[in-house]
Amino acid sequence: MDMTTCLKSLLLAIQQYRDGRTAQNAAQLQKQVEEVSSLKCDQLLSSGQVLPSECVSGLVELVGNPNTSLTLTSSIISLLAQLACDDDSRETLHSSYNLTSTLASVIHCHRATPREPLVLQCLQVLQKLTYNTRIFQSTNYIHELITFLVTNIQSHNDDIIMPCLGLMANLCRDNHSVQSHIKSLENVKPFYRTLINFLAHNSLTVVVFTLSILASLTLNEKVGEKLFDAKNIHQTFQLVFNIIVNGDGTLTRKYSVDLLVDLLKNPKIADYLTKYQHFSACVSQVLGLLQSKDPDSAAKVLELLLAMCSVSGLRLLLCEVVFKPAAPKLRAAGRRQATGLDGGRKTEPGLALVQWLSSPVEGAESCSLKSLQLLNELLEEALGGDSVSDGVLSFVEMLLPVLLGLLKGLDPAQGDAHLRKHCHRITHVTGLLLVLCAEDSTRSVVSRQVSAQLCLSQVQSLLSCCHSNSPLTCLPAGSENDLSQVFAEALLKTLELMSKLRQQVKDMETSFYRMLQDQRIVTPLSLALTSHHRERVQTGLALLFEATPLPDFPSLILGESIAANNAYRQRESELSVKRVAVQEVPPPSVLDSSSGSSRSIHSLAEKIQNGLELQEHVKDSHVSDIINVYEHKLSAFASKENRLQDLLEAKALALSQADRLIAQYRFQRAQAEAEACQLGALLKEAERRREDLQGELSTQVLEVERSKADMEELLQHNARLQKDSEEHQALKGAYNALLNRFNESERLLKELQTAHISLTKQSESLRKNHEALQLQHEKLASLLEEREDDIRSLQSDLQKKNRDIAGLQGELRAEEEKAKEKDQEKRELEETVDVLRKELNKTEQARKDASIKASSLELQKSQLEVKLKQKEDELNKHSAMISMIHSLSSGKMKSDVNLSL
């Protein structure tokens with residue numbers, strides 16, 4: 001059977017079960033639920049039809065009824081979980097059908113038996129529904145659900161702990177009301193202790209859930225400061241990165257990414273991550289996950305990278321990881337792009353981004369848009385420096401053909417949903433091309449590959465789609481999701497790109513001015529000028545400034561269009577009471593579908609009354625059943641209309657209060673933005689001062705190290721000088737002794753005539769003194785040779801220093817020549833020259849010191865030579881005196897012999 005027949009049978013079974021809760025009706029309903037579950041019902045809730053809406057409403061009502069059997073409730077919950085296959089379906093089930101509070105009521109009814117399979121099933125479906133969904137504290141049974149989760153998390157039931165932790169992590173994330181309620185509980189301290197004990201659990205999923213809950217509840221408190229302080233945060237980073245890269249399943253990786261994104265919102269933890277030494281390696285491994293073909297994992301990885309880009313210190317590191325390693329292989333990979341990337345071979349991070357960038361519009365559109373946003377952030381950072389590296393230019397050359405290919409394929413026949421997605425992609429692509437056009441080198445690369453015909457055909461296609469769109473099928477003009485707004489934004493981005501490239505691309509200027517004079521440009525331009533987005537208004541004003549001097553620009557039509565938009569906004573503000581009520585309960589999408597379906601039902605009823613429908617389907621055996629179904633729908637819509645009217649009257653007073661709160665919020669937000677700007681300026685100034693002080697501290701440390709080395713050299717030199725002083729004192733003492741002996745010798749010479757025996761003894765003592773002097777002479781000669789060796793070594797060191805000086809001067813000249821050839825490296829070369837000059841000055845100072853030492857040693861040598869000559873003269877005198885004494889003594893002996901004879 002087809003889906004429509006199954007849904008009709010399901011709705012009939014639901015009505016029969018409501019009327020009589022017999023076993024036969026329950027079995028029939030069970031069978032119909034299983035039949036619908038076996039069919040493919042992915043986009044059932046997003047179709048906006050009345051029949052699926054009625055079926056889901058009836059099923060949710062049966063789930064919330066405690067009299068429904070457990071088996072039937074479990075089957076219905078399985079079918080509802082199957083319907084919640086994407087974000088839109090989950091949001092519809094949560095907000096339109098109130099499934100969250102219904103499942104919470106089921107858990108509350110069975111709170112006494114938490115091990116029951118139905119409770120586990122409800123917890124798993126609730127975890128799926130509440131992921132990335134804000135749950136208000138006023139939701140029915142939310143307090144009971146939180147109490148149930150806190151109680152069972154502290155239990156010892158391992159089967160229920162994991163889904164309870166996952167659901168608690170969803171409820172606590174970015175939800176201050178739920179966080180405040182949990183902190184106000186009486187048993188919150190034992191709950192914290194239990195969570196801290198879970199950090200040592202064997203399951204990585206439990207650890208991630210626990211860290212997420214603790215980060216939401218305690219990050220800005222003392223407990224969180226202790227858990228995520230400087231000592232533990234690096235281990236937390238390593239754990240989270242390991243789970244992201246090697247995690248067991250997509251669910252664990254999703255929650256790990258969310259945890260790291262939440263931690264990055266804290267400035268202190270973001271600063272810790274910038275100083276994390278393994279950050280580049282971890283990011284490289286995370287980027288490796290983009291090589292998989294799983295769009296969910298890739299979307300979470302891209303979400304994490306975008307969150308990192310919001311931290312200024314991490315954006316530069318991401319650029320280094322993404323662009324620099326891929327630089328040598330980009331051209332070859334770009335050639336392979338035409339034949340497709342090899343899925344079995346590891347690709348570079350930049351190529352993996354391009355691979356997801358070129359994914360089809362249907363299916364992985366979120367990955368494509370996030371890839372474009374990430375490349376926008378990274379290229380804006382890479383192109384914002386003083387110079388653009390060759391790796392970035394090669395990446396841009398490879399990226400441009402892919403981006404230009406994404407601009408094609410706009411087909412109005414594929415439906416509004418496809419057009420909306422494709423226009424979003426065009427907006428992001430042209431935004432990225434505008435970033436590339438902000439720098440001269442990349443603008444020249446873009447201008448070589450972008451043609452005027454491509455931009456012109458793109459603008460004409462967008463204009464035709466914008467004007468072929470029926471206003472009856474569009475949302476209000478002020479709505480963010482209005483198709484005309486989407487077309488207008490894509491169109492204005494394309495015109496802004498044409499304005500940037502009009503001087504570089506042939507025929508671009510002519511095409512640009514021709515499009516500005518097209519009357520169809522009035523609608524998107526008026527939407528931009530009356531928008532509340534600052535960027536759109538500025539773009540519209542820039543294009544208006546270019547178009548005003550043109551002769552055929554429809555300025556009068558533009559004025560009328562702006563006036564019409566303003567009148568519509570005024571009318572919208574007058575009817576804001578009804579709009580607010582409709583936005584709150586239920587959401588606009590349901591009301592739009594309900595109103596459209598009610599109109600179709602009324603028209604169908606008229607046809608049935610006129611007999612047209614009965615004549616066309618006279619052979620249909622189920623006409624009476626269909627009439628019963630639509631009669632039930634008519635009564636349901638009438639009751640809904642009455643309820644909505646009551647809500648409109650009840651919410652009139654709430655509107656004025658909301659307006660006052662909005663005004664207060666805007667005032668507080670303006671104050672907060674001003675304070676944030678001041679704090680940002682103070683933070684930048686503090687960062688700049690910290691960097692300056694860090695540089696000064698490094699120079700001081702280098703100077704201290706150099707001073708220590710100079711001190712050691714001075715101490716060694718002082719020791720050598722002390723040794724020389726001691727030797728000098730010894731020589732001085734020896735000289736004084738010799739002088740005394742010389743005086744004694746003169747006295748003995750005067751007494752030679754009177755005492756021959758004393759002269760003989762004196763001669764012997766003089767002989768001994770002569771031998772001692774010879775020994776001292778030899779010592780002085782050896783010392784002189786050592787001093788000469790020292791002088792030679794110092795001369796060789798001096799020559800080596802001169803050669804080093806000559807080499808450094810040659811290097812200096814080479815560096816100066818390189819500085820003339822490379823202007824971009826001028827500052828670095830000047831710093832190198834300064835360093836070389838400092839070393840040259842130090843070498844000159846060392847050479848001067850060495851020359852001073854050499855001159856002092858030469859002076860000492862000359863003094864020692866003078867002393868040596870004096871000693872030699874003294875020795876000669878002593879030897880002459882000794883010879884004279886010998887001659888005198890020998891002459892006297894001869895005379896005595898003659899006298900005796």
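**Exercises on charges and rings in a predicted model**

Glu828 is found in helix α38, which covers residues 826–900, where helices are DSSP runs (H or I) of at least four residues, numbered from the N terminus. The model is predicted, and local features need pLDDT of at least 70, side-chain atom pairs count only at pLDDT 80 or more, while totals for chains, interfaces and linings use all residues. Residues are numbered from 1 along each chain as its sequence is written, and side-chain values use heavy atoms, with hydrogens and water left out.

**Exercise 1.** Decide whether Glu828 is buried or exposed.

Solution. Begin with the cut-offs: buried means under 20% relative accessible area, exposed means over 50%, and partly exposed lies in between (1.4 Å probe, protein chains only). Glu828 has a relative accessible area of 54%, and therefore counts as exposed.

**Exercise 2.** Find out how the salt bridge between Lys300 and Asp258 is placed in the structure.

Solution. First recall that side chains of opposite charge can pair when their charged atoms come close. A salt bridge is counted when a side-chain nitrogen of Lys or Arg is within 4 Å of a carboxyl oxygen of Asp or Glu. In the pair of Lys300 and Asp258, the closest N and O atoms are 2.8 Å apart. Next, look at the helices: Lys300 lies in helix α18 (residues 295–309) and Asp258 in helix α15 (residues 250–264), so the pair ties together parts that are 42 residues apart in sequence. Then check the accessibility, where Lys300 at 6% counts as buried, and Asp258 at 3% counts as buried too. Finally, both residues belong to a network of salt bridges that links Arg173, Asp174, Asp258, Asp262, Lys265, Lys300 and Glu303.

**Exercise 3.** Describe the salt bridge between Asp724 and Arg787.

Solution. The side chains of Asp724 and Arg787 meet at 2.5 Å, N to O. Asp724 lies in helix α36 (residues 652–750) and Arg787 in helix α37 (residues 756–821), so this pair ties together parts that are 63 residues apart in sequence. Asp724, at 23% relative accessibility, counts as partly exposed, whereas Arg787, at 14%, counts as buried.

**Exercise 4.** Classify the ring pair of Phe191 and Tyr192.

Solution. Rings of Phe, Tyr and Trp (its six-membered ring) pair if their centres lie within 6.5 Å, and planes under 30 degrees apart count as stacked, over 60 as edge-to-face and the rest as tilted. By this rule the count comes to 6 aromatic pairs. The centres of Phe191 and Tyr192 are 6.5 Å apart and their planes stand at 35 degrees, so the pair is tilted. Both residues, Phe191 and Tyr192, are buried.

How values were computed
Helix = DSSP H or I, 4+ residues; strand = E, 2+ residues; numbered from the N terminus.
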